[in-house]
Amino acid sequence: MPQVRFTRRFSMAHRLLADPASRCAVPHGHNEFVHVILATDAEMDFGGSNFVASFETLKGRWHGFIDKAVDHAFQMNGADPMLAWFRETEPQRVARLMVFEGDPTTEAFALALRRKLDAILKDDGSPYRCVELTLEETPTNAILIGEYLSAAERAWMAGSWMDRPDLTINDLA
Ligand SMILES: Nc1nc2c(c(=O)[nH]1)N=C([C@H](O)[C@H](O)COP(=O)(O)OP(=O)(O)OP(=O)(O)O)CN2
């Protein structure tokens, strides 16, 4: 069965704290693209629909997550002192903060996106699985995630927002 590839574009902001001398410690944004390739072992309905599932069925919830939750979210390290500022000063925006254990690098974000997509496909009972996710941070930097995640990649932030098939992007109360 042919694989399918979907692409979505969004804007985001983040800042990285591990290297205080880095220019990435200043909040800044990127216009990014996420590409996913889905594969299935099911055969298409030959002579009928000629597909296993419609594009709308396959990408609806995923692109809904990108558009409603990821687009224009601010990605932050859970230890970032700016988090307390938002909670105290602009609590109405806390739901728009995407929070990570450690820095919100493109690697961490790509892993989070992959785990969220896995959760959505599982919740849908989809016959498809993600075999590749590519996150383009800039036209010159991209992160690729293949079919299988390591035990460490599954254990990091296990059970957090990234494993839930919903629109949440943090676990703040
Ligand atoms: N391993 C990682 N390193 C860096 C990340 C990251 O997510 N993972 N992110 C950044 C910053 O977000 C920075 O904005 C992007 O990096 P940079 O390569 O400096 O971006 P440029 O657009 O200037 O790239 P050029 O190809 O050099 O123009 C930094 N490091």
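1. Start with the contacts. Among contacts in the chain between residues at least 6 apart in sequence, 62% link residues at least 24 apart. Two residues are in contact if their C-beta atoms, placed from the backbone, lie within 7 Å.

2. A word on the source. This is a predicted model: local features need pLDDT of at least 70, side-chain atom pairs count only at pLDDT 80 or more, and totals for chains, interfaces and linings use all residues. Residues are numbered from 1 along each chain as its sequence is written.

3. Next, the elements. The chain has 4 helices and 6 strands. Helices (H or I, at least four residues) and strands (E, at least two) are DSSP runs, numbered from the N terminus. In that direction the order is β-β-α-β-α-β-α-β-β-α. The radius of gyration is 17 Å, close to the 16 Å that the globule rule gives for 173 residues, so the chain is as compact as a globular protein of that length. That radius is taken over C-alpha atoms, and the rule is 2.2 Å times the number of residues to the power 0.38. The C-alpha trace spans about 60 × 35 × 30 Å along its principal axes.

4. How much of the chain is buried? Buried residues make up 27% of the 173 residues. A residue is buried if 20 or more other C-beta atoms lie within 10 Å of its own, exposed if 12 or fewer, and partly exposed in between; C-beta atoms are placed from the backbone.

5. Now the sheet. The 6 strands form an open sheet in the order β4-β3-β1-β2-β5-β6, with mixed pairing. Two strands pair if DSSP finds at least two bridges between them. At the edges are β4 (97-100) and β6 (142-145), each pairing on one side only. From one strand to the next, the twist averages 30°.

6. β3 and β4 pair in the parallel sense over 4 bridges, and F74 has L97 in β4 as its bridge partner. β5 (residues 128-136) and β6 pair in the antiparallel sense over 4 bridges. Here T134 has L144 in β6 as its partner.

7. Stay with β4. L97 and V99 point one way, M98 and F100 the other way, and all are buried. In a regular strand the side chains alternate between the two faces of the sheet.

8. Helix α1 (residues 55-70) lies across β1 (4-14), β2 (28-40), β3 (73-77) and β5. It runs at about 10° to β1. Axes are lines fitted to C-alpha atoms, for helices over the stretch in contact, and angles run from 0 to 180 degrees between N-to-C directions.

9. R9 lies in strand β1. Is R9 buried or exposed? R9 counts as exposed, because it has 12 C-beta neighbours inside 10 Å. Leaving out residues up to four places away in sequence, R9 touches N31 and F33.

10. Check two backbone angles. Most residues other than glycine have a negative phi. N50 has a positive phi of about 60° although it is not a glycine. N50 sits in the loop between β2 and α1, and with 8 C-beta neighbours inside 10 Å it counts as exposed. M157 also has a positive phi of about 60°. M157 is in the segment after α4 (151-155). With 19 C-beta neighbours inside 10 Å, M157 counts as partly exposed.
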